[in-house]
Amino acid sequence: MPKASNVSNNPQLNANGELQHLLSTEGLPREILLQILDAAESFAGVTEREVKKVPLMRGKSVFNLFFEASTRTRTTFEIAAKRLSADVINLNVSVSSQTKGESLLDTVANLSAMQADVFVVRHASSGAPYLIARHVKPHEHVINAGDGRHAHPTQGLLDLYTIRHYKKDFTRLTVAIVGDVLHSRVARSLIHGLTTLGVPEVRVIGPQTLIPAGVEALGVRVFHDMRAGLKGCDVVVMLRLQNERMNGPLLPSAQEFFRNYGLTAEKLSLARRDAIVMHPGPMNRGVEIDSPVADGPHSVILPQVTFGIAVRMAVMSIVAGNS
Amino acid sequence: MKLLIKGGRVVDPGSGRDEVADVFVADGKIASGKGKADQTLDAKGLVVAPGLIDLAARLREPGHGYKATLDTEMDAAVAGGVTSVACPPDTAPPLDEPGLVDMLRRRAKALSRARVYPVGALTVKLAGERLTEMSVLAHAGCVAFSQANVPITDTQVLWRALQYAATFGFPIWLRAEDKWLSREGVAHDGEVSTRLGLAGIPAFTETIALATMLQLARSTGARVHFCRLSTAAAVDMIRAAKKEKLPVTCDVGIQYVHLSEMDLGYYDSHCRLDPPLRSQRDREALAAGLADGTIDCAVSDHTPVDEDQKQLPFAEAEPGATGLELLLPLVLKWGAARKLPLAKTLARVTSDPARILGVQSGRIEPGAPADLVLFDPAQAWRVEAAALKSEGKNTPFLGYELAGCVRATIVAGRVVYERA
Amino acid sequence: MTSKLPDAEALLPKLAAELKARVTPTSAMIGLHTGGAWVAERLHPLLGLKDPLGLMDIAFYRDDYAKEGLKHDPKKTRIPFEVEGRDLLLVDDVLYTGRTVRAAMNELFDYGRPRSIALVVLADRGGRQLPIAAQYAGAQVEVPAGKRLRLKRAANGKLTLELEEVERA
């Protein structure tokens with residue numbers, strides 16, 4: 001019984017199987033993930049020299065469409081776009097303009113009329129970028145900068161890039177993701193990337209209240225005991241705990257969370273001696289991670305930020321070149 | 001007015017009758033014997049069945065005029081072969097006053113298409129605090145009382161409402177849902193909601209409330225009909241309750257025996273439904289429960305939603321699907337998949353809901369109201385906006401080819417719809 | 001007319017001899033990926049240059065991004081010396097339209113301001129679309145219509161010039 005299916009066609013790929021939108025790391029073929037990581041390496045070289053620009057996207061317009069406020073992510077996308085010589089327009093579509101009645105699709109249609117090439121979209125509702133991608137013109141490209149708790153693919157990619165930079169071979173690693181997995185788009189994007197690239201053991205660590213139902217189906221092992229979960233890990237990724245999650249039915253307090261799930265040197269010593277510590281930022285020192293670890297020799301948190309610019313340059317230049 | 005329906009395959013689910021025969025209608029009723037007919041309908045190659053009885057269809061009046069009107073939705077009903085509709089009380093304002101009920105019945109009667117049976121609000125404004133004047137509302141024409149999709153959170157109020165209704169023998173129709181557990185959720189809590197990053201509604205949201213309601217039904221003796229079962233566990237609980245001979249009945253939305261959480265795909269907001277589409281295991285249990293009679297009947301749960309309210313991110317989209325015109329083909333598809341005889345398939349949308357409503361329609365025998373549908377079970381049609389008469393074009397079945405095409409619908413002996 | 005193609009291996013010592021006569025203390029060499037890098041890797045050790053060989057990929061400076069996108073997986077550009085004030089020897093395998101060299105020069109100037117740039121190519125096939133010329137060319141080669149001139153490197157490192165069919169676009 002034929003159905004006008006929206007499941008079989010991957011909305012991220014064009015008819016030639018090339019990346020036209022980046023919406024999620026899930027469903028991206030291995031070759032495309034690697035293409036992005038390899039291109040990012042070249043762009044990393046650009047960010048290290050005096051003239052940090054290349055003329056690749058000159059004349060192209062990148063519209064940052066942030067329905068959910070974020071200075072950090074928006075800034076890195078802006079830097080990445082400018083280093084590609086693209087024109088950048090920032091639109092902080094605050095909640096109030098939404099309540100003025102303009103629908104999401106109307107906003108996009110209006111911007112489309114202004115000759116956008118790339119929309120970088122952050123939205124509080126999971127799936128919003130998919131809705132947008134279904135409605136943009138063929139030459140317009142959507143990059144998901146974070147939708148609800150669903151995906152943050154550029155963060156997932158820069159995390160993969162970071163891991164590859166320090167550990168080289170994905171196929172021998174044990175990776176642990178610690179904290180509020182339930183609400184984390186960063187965790188979901190990283191998990192999909194790790195499993196696609198063949199990481200044999202991916203663990204999530206957190207209290208039952210912060211681990212989503214059926215998460216094993218994503219290919220992870222669940223640990224509630226952090227010490228058990230960190231044993232033998234090569235990579236430890238600490239997730240940010242948002243203020244609104246504490247002091248409620250999910251968690252009693254930040255202090256109690258830190259006691260059980262905060263990363264200290266003592267807990268980290270259970271991981272491998274050359275383990276690296278990552279965090280998508282911004283960090284809550286004393287909640288997810290204590291300062292000695294955050295600033296210590298295992299931490300690669302600052303390099304993550306630099307890699308983030310190269311990765312976003314790679315993503316933008318790849319999608320914008322595929323029609 | 002005498003009507004002869006000639007040479008069709010007459011299927012009467014109540015008696016199990018399935019044979020090629022003529023049906024004669026006089027004075028709005030099925031008649032025995034014959035006489036000179038004023039009008040003859042050639043039903044060769046068609047099935048002649050009782051008109052469908054749909055226990056849940058939102059006609060969007062009063063209020064909600066921008067979504068649909070009684071006019072368009074009555075057109076949709078008879079185009080779908082539905083001759084009787086029970087509508088939930090969640091209109092705007094809710095059906096908690098006799099004047100509103102009266103107006104609705106008059107409007108429906110004047111349109112002279114399907115019969116409309118209003119279900120009254122159980123509490124004032126559906127707010128779950130004060131009981132409505134059930135006797136007065138029953139007198140105005142309400143066949144039962146319900147909270148639609150607005151659960152009562154104060155169990156004391158729920159208990160007293162059931163007690164009060166039991167006093168007069170009024171049936172209560174309830175959706176089993178624990179409002180606290182479901183309040184943030186938009187999709188079934190499981191693998192798909194985790195993958196899509198959607199807030200989940202666990203299955204026990206239904207079973208916890210159902211356990212409470214069954215216990216209250218047991219102690220009050222109220223006649224309760226449970227609406228829109230969505231979990232395998234709930235089907236088991238109803239089966240046990242019926243074994244215990246509790247006077248309970250239940251229904252399932254016809255979409256739920258066909259679709260599951262897997263159909264959400266890339267956030268298809270046409271699959272944003274209340275209750276949510278659940279796991280494939282749940283779907284299978286619902287389909288089996290409808291077959292073995294644990295679930296008494298299937299409904300369309302017809303809910304027209306403006307397309308603007310669907311072209312939104314999944315969590316923000318308004319839940320609901322249009323369905324009056326899909327009830328027949330979808331129940332036929334379910335029956336065919338389970339290899340049931342046609343009479344048994346059609347029972348779930350004719351004689352069984354008739355029994356729950358307590359009406360005389362839903363059967364083909366002399367003296368019964370002449371509410372009939374003539375349809376071609378083999379003719380397929382494509383579900384698309386242009387093919388639907390309802391204002392609501394929001395259905396997860398858009399693009400599907402379904403078999404089961406209504407050719408004519410008769411209410412009280414009058415042909416109210418004929419396919420061009 | 002493939003018998004008319006010059007022997008790539010024979011061209012290398014000829015080029016090296018010409019260059020050796022011209023290098024100065026401020027000279028440095030950069031090879032363009034991929035063919036130019038192969039040629040430069042063979043020439044560099046023969047010239048006694050002070051700095052290690054630089055390698056450059058022009059993927060981010062091409063003029064056909066709008067049509068082709070970022071198709072060619074970019075290799076890394078590594079220039080292990082200061083470009084400022086240097087006499088650069090830019091090495092490529094085949095000189096044709098001149099667009100690759102234009103892109104390479106744009107990229108070089110984003111690294112700094114060289115004192116001079118001389119272009120060294122193994123084969124010049126004519127067909128220039130821009131005002132670009134090679135100061136040192138191993139050979140002039142005529143390429144028949146519908147064919148492309150390519151440098152190939154065997155597993156043992158041997159370089160050969162070959163003709164390929166151009167795919168219909």
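This is a predicted model: local features need pLDDT of at least 70, side-chain atom pairs count only at pLDDT 80 or more; totals for chains, interfaces and linings use all residues.

Reader: What makes Gly54(C) count as buried?

Author: A residue is called buried if 20 or more other C-beta atoms lie within 10 Å of its own. Gly54(C) has 24 C-beta neighbours inside 10 Å, so Gly54(C) counts as buried. This glycine lies in strand β2 (residues 54-56) of chain C.

Reader: Which residues is Gly54(C) in contact with, leaving aside its neighbours within four places in sequence?

Author: They are Ala28(C), Met29(C), Ile30(C), Arg78(C), Ile79(C), Pro80(C) and Phe81(C). As for Lys20(C), 34 residues from Gly54(C) along the chain, the C-alpha atoms of the two are separated by 18 Å.

Reader: How do you know which chains touch?

Author: Two residues are in contact if their C-beta atoms lie within 7 Å. There are 2 pairs of chains in contact, and chains A and B share the most contacts. That contact takes 24 residues from chain B and 29 residues from chain A. On the chain B side, helix α6 (residues 191-196) gives the largest share, 4 residues. By class, this side of chain B divides into 10 nonpolar, 7 polar and 7 charged residues.

Reader: What about chain C, how many of its residues are in contact with chain A?

Author: Here 16 residues of chain C meet 17 residues of chain A. The chain C side has 7 nonpolar, 3 polar and 6 charged residues. Chain B and chain C, in contrast, do not touch, and their nearest C-alpha atoms are 27 Å apart.

Reader: Which residues touch the most other members of the largest nonpolar core?

Author: Of its 278 residues, Val178(A), Val236(A), Val237(A), Met316(A) and Ile172(B) do. Helix α12 (residues 301-321) of chain A gives the most to this core, with 12 residues.

Reader: And what does Ile172(B) touch, not counting residues up to four places away in sequence?

Author: Ile172(B) touches Leu122(B), Ala144(B), Phe145(B), Leu162(B), Ala165(B), Ala222(B) and Val224(B).

Note on methods:
Residues are numbered from 1 along each chain as its sequence is written. Chains are lettered from A and ligands numbered from 1 in the order in which they are written. Ala, Val, Leu, Ile, Met, Phe, Trp, Tyr, Cys and Pro count as nonpolar, Asp, Glu, Lys and Arg as charged, and the others, Gly among them, as polar. A nonpolar core is a set of buried Ala, Val, Leu, Ile, Met, Phe, Trp, Tyr and Cys residues joined through C-beta atoms within 7 Å. A residue is buried if 20 or more other C-beta atoms lie within 10 Å of its own, exposed if 12 or fewer, and partly exposed in between; C-beta atoms are placed from the backbone. Helices (H or I, at least four residues) and strands (E, at least two) are DSSP runs, numbered from the N terminus.
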